[in-house]
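Work through the exercises below with the model open. Try each task before reading its solution.

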Amino acid sequence: MTNPSDGGGPSLELRPTAWDGYVRVDYIPEVGRRPERGRLQVTFATVEATIAADVRPGLRAGFVTDDPDGPPTFIQASVSRGRLADDLSELLGASIAAVAEQVVTGPGRSRWTRLNVGAVDSLSSAWAPYRDLVLAGASPPDDDPDDGLDGPTPRPRAGTADQGLWVLLVPDELRRSMADLPVSGGLALLGSGGGEDRDDNDLDELDESELPPVTVSGQWAVPPELAELAGIEPRLVWEIRAGRVHVVARPAPSTTGQAVGTRPTALVSFDDGANRWQTLIPDADGTLRAVIDSLANPERLPAVRLRVTTADTNAPRPGSGDQPGRSRLHHDDETERHDPA
Amino acid sequence: MTLPDRARLEAAARRVLAQFDPDDLDRLLASVHGLDELIDKMVARAEDVCRALGAPVPLEHDDLLLLATLTRQGGSAGVHVKNVHAVESFKRLRSMHGIAIPVALRIRQTDSSQLVAALDTAYRLSVDLASVRDEPPVFQVMIAAAAAALRPADPVAAAAAILDRGAELAGSYCASSRPLPGPALPVLGDPHFLVQLAGYARAVRERAGVAQIPDPLDHVEKLASELERWARRAMTRAPRYPVGHTDGPDVVGFFSEAASLVGAESTAATGGVMTREIFQRLTHGLQASRVGHDKRLVSTDPGDLAAGSPVVDPIEPVLETLGYATELAAQIVAVLSAGTTYDERLAIAWWVCGRRAVDQTDDLRLLLSHLRGLMAALDGPGPSMRLPADSADSADSVDSVDPADPVDPADPVDPGAPEIRLMTLILRKKIEAQLALEPGRLGSRDLATGALPPLWTARGPIIRALAQRIKQDEGMDGPGKQRRHLPRILAARAARGPGQFVLATNGAQHDPGKGCVTVHTANFDAPPRCDERVGRWEPDVSLICPARPWGEAGCVDSDATIGDLLDLTVGAVRAQLTHYTNDGGGPWLKLAQPSRP
């Protein structure tokens with residue numbers, strides 16, 4: 001007769017759901033390319049109906065269609081030089097990132113792992129903005145008259161990130177405006193290096209009156225919890241000035257007297273996978289401003305990400321300093337250290 | 001010759017019966033008047049077998065001997081009428097050296113020795129794989145069956161190689177630009193699930209050396225489309241073995257076909273031993289007892305609690321006695337294990353003994369059901385100590401269950417079984433420790449609550465996880481938005497740890513300023529919902545705090561706080577529950593019952 005420590009293991013469930021936390025992580029090297037290029041895949045074992053979409057260049061994500069709070073059941077991300085984009089390893093969380101490292105290193109290219117409900121929940125909160133994006137594309141506008149009882153709740157939701165929150169701002173209007181601009185006034189395509197410091201220095205000194213004039217502007221609603229954390233009003237203004245995109249936030253009334261140094265850092269970037277984060281920097285009267293660029297075609301402008309962190313999450317992690325592919329991260333560190341205090 | 005000691009044979013009979021699924025046991029009991037008569041007949045037949053053999057039966061063959069006295073042919077079951085059949089059966093079981101009892105239970109007289117050997121291999125493989133690998137159990141059991149059917153020299157290595165290769169093939173396939181199977185709601189809504197099965201099917205053929213399509217991904221594509229066809233067929237066919245809701249898809253049928261396909265049945269590589277057959281035997285009864293027939297869950301009439309345990313003397317309410325801890329621990333174990341299968345009892349013991357990982361979804365419905373039964377049994381008016389065995393009048397407790405569900409008096413749970421002894425020992429030690437720390441202050445309910453390990457660290461994520469499980473179990477998945485909040489409502493009602501309860505009232509949660517971290521709910525007009533408790537402040541048990549941590553008894557939700565969570569009015573919450581109840585409910589009905597009026 002066996003004792004309870006034998007014959008253990010979970011009992012058989014023919015129909016796992018994503019919340020059961022069975023996850024397969026694959027690395028698929030690209031054939032005929034340099035060996036360090038490839039794709040990382042994360043797949044949850046589930047029998048629930050799912051839908052997947054490209055959420056940004058090099059990133060595809062799938063979700064359970066009728067779970068408004070579920071984890072990404074499928075993630076496919078480009079890996080170059082043996083590394084994931086920095087923000088992606090953060091979004092994946094420590095346990096999946098550890099398995100991802102194993103399969104990228106090889107020799108085994110696929111591995112199953114088991115997440116507990118807490119880890120699935122963290123993943124779900126981290127990916128909330130992408131989930132809303134994918135599921136919104138999946139379902140037609142909710143005009144079911146019988147549905148009045150339930151009331152749809154379409155508000156932008158913030159995702160959790162390392163000690164902070166982030167949100168995805170969909171630039172439909174901005175995209176149209178950019179596309180409408182005369183060619184000469186089109187989005188300035190900056191190189192990937194060198195621009196950021198200059199912008200920060202420019203903005204540091206400039207009054208609004210000294211900026212180029214606004215060609216066109218609009219605004220995004222920001223989830224209240226994120227605005228609260230950042231100490232800004234729950235909306236973000238975008239302006240096109242001289243062909244470049246300015247992102248402007250106003251401090252919430254209650255925080256205007258707050259010492260600038262204690263404010264959590266708000267960073268903004270186009271979500272094109274390049275992770276070129278710009279810090280929102282206050283001018284003389286406290287208005288926060290950043291200038292962002294994307295290498296993308298203006299007509300296919302990626303969404304904009306706003307990230308608020310209460311800690312210096314961009315600080316180099318132990319042992320990461322000498323790895324290739326970190327240069328952009330170090331660059332961000334520079335910007336943060338220039339933060340006016 | 002001398003016959004084995006009668007007590008020894010009786011104990012073996014109980015051990016064997018305790019491993020039967022409740023449905024199989026019912027069939028056995030239908031042939032006799034009660035459990036005692038069944039055991040008597042088994043022991044008498046076993047003695048006849050010993051006489052016929054004329055040789056002593058070693059101790060380690062006791063279980064096989066008693067199992068051999070039973071026959072389960074077709075729909076009828078009982079003790080062998082002809083001794084010669086029992087003797088044959090015993091000789092056969094004995095010849096399969098060290099066959100696992102759970103496998104011995106599943107074999108039939110017509111089975112070939114090859115099939116029996118493969119079944120035994122597959123059973124052991126599935127146990128081994130579960131302890132060292134992270135695939136979903138359904139994949140592990142299927143590959144254990146397929147690997148066993150190939151009769152490899154090293155089954156563990158073969159199964160591991162198939163699992164690794166299958167995962168890699170599925171990964172490569174999904175990363176390629178090849179077509180994904182279309183969803184066949186709701187059997188398989190996620191195409192990657194089918195691709196994984198197809199990957200395993202190819203890996204089995206490679207292992208067996210019968211992969212006839214040279215390009216592996218071409219083959220996976222072909223296998224995936226075949227699986228898709230079976231999934232669609234399962235959608236339109238009435239289930240022979242319904243899982244959960246009865247008008248659902250033919251889930252069991254689909255997985256049998258999938259096992260057939262994964263196991264390369266059409267090839268000669270398996271020598272006629274069928275993966276499908278092994279998979280079906282290993283999964284037999286599991287789904288039925290876990291989801292379909294839940295009459296045995298949450299079914300504890302406190303008056304009958306002592307049925308499976310030795311005679312209980314009335315206990316004086318003197319809390320400091322060690323005898324009290326022993327008695328209470330035995331009572332808790334008796335209630336928790338009432339009406340369980342052997343596998344279920346192991347899952348409960350795994351939890352009670354603190355070996356189950358916190359915050360995992362495994363066996364949650366089973367554990368919640370038995371915990372609910374325990375709490376109902378411990379519940380009584382007033383703060384006075386009440387032993388489960390004393391509470392003859394607790395039928396009026398609303399937390400208690402349908403009076404039409406008396407505990408099965410024929411419950412064969414053996415108090416001497418290792419899992420029972422271990423649970424009792426661990427609970428006793430914890431109760432003694434509490435009594436030593438706070439003598440005289442704690443009642444039996446507090447002691448039981450404090451002695452049971454956590455099932456989760458936060459309620460919020462568990463509610464979200466349970467809601468998705470409930471959609472599967474209740475057939476609420478798939479298209480259609482009617483009652484779309486019902487799974488969450490049922491989940492919030494069901495997610496109660498030891499000592500926790502929910503009320504069907506309008507009560508609002510306590511002022512969250514007191515020691516709770518809050519989160520915004522869907523209802524912006526409602527106060528933020530308690531999400532996490534900080535500090536040492538403990539709300540009164542009557543205060544509603546959805547964030548109560550483990551071990552803290554009290555009210556965790558009301559209809560009003562569930563409404564706030566989902567942005568529904570109290571009326572809408574009740575309307576959805578009423579609609580569900582009036583429809584007859586489903587497997588989660590009892591777990592969603594409120595605690596008090």
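The model is predicted: local features need pLDDT of at least 70, side-chain atom pairs count only at pLDDT 80 or more, and totals for chains, interfaces and linings use all residues. Residues are numbered from 1 along each chain as its sequence is written, chains are lettered from A and ligands numbered from 1 in the order in which they are written, and side-chain values use heavy atoms, with hydrogens and water left out.

**Exercise 1. Trace the strand pairings around β4 of chain A.**

Solution. Start with the terms. Strands (E, at least two residues) and helices (H or I, at least four) are DSSP runs, numbered from the N terminus. Two strands pair if DSSP finds at least two bridges between them.

Step 1. Strand β3 (residues 50-56) of chain A runs antiparallel to β4(A), joined by 6 bridges. A:Ala52 has A:Gly62 as its bridge partner in β4(A).

Step 2. Look at the turn. β3(A) and β4(A) form a hairpin with 2 residues between them. A:Gly58 in that turn has a positive phi of about 80°.

Step 3. Go on to strand β5 (residues 72-79) of chain A. Its pairing with β4(A) is antiparallel, over 5 bridges. Opposite A:Gly62 stands A:Phe74 in β5(A).

Step 4. Check burial. Buried means under 20% relative accessible area, exposed over 50%, partly exposed in between (1.4 Å probe, protein chains only). In strand β4 (residues 59-64) of chain A, 5 of its 6 residues are buried.

**Exercise 2. Find the partner of β6(A) and judge its cover.**

Solution. Step 1. Strand β1 (residues 22-29) of chain A pairs with β6(A) in the antiparallel sense over 5 bridges. A:Val23 is bridged to A:Thr113 in β6(A).

Step 1. Strand β6 (residues 110-114) of chain A is mostly covered, with 4 of its 5 residues buried.

**Exercise 3. Is A:Leu40 buried or exposed, and what does A:Leu40 touch?**

Solution. Step 1. A:Leu40 sits in strand β2 (residues 38-44) of chain A. Its relative accessible area is 3%, so A:Leu40 is buried.

Step 1. Count contacts (heavy atoms within 4.5 Å). Leave aside neighbours within four places in sequence; the contacts of A:Leu40 then include A:Val25, A:Tyr27, A:Ile75, A:Val79, A:Leu84 and A:Val104.

Step 2. Compare with A:Val170, in the loop between β8 (164-169) and α4 of chain A. A:Val170 has 38% relative accessibility, so it counts as partly exposed. Outside four places in sequence, A:Val170 is in contact with A:Leu133 and A:Trp220.

**Exercise 4. Describe how α10(B) packs on α12(B).**

Solution. Step 1. The axes of helix α10 (residues 191-208) of chain B and helix α12 (residues 251-262) of chain B come within 8 Å. They cross at roughly 35°.

Step 1. The contact includes B:Phe193, B:Leu197 and B:Tyr200 of α10(B), and B:Phe254, B:Ala258 and B:Leu261 of α12(B).

Note on methods. Axes are lines fitted to C-alpha atoms, for helices over the stretch in contact, and angles run from 0 to 180 degrees between N-to-C directions.
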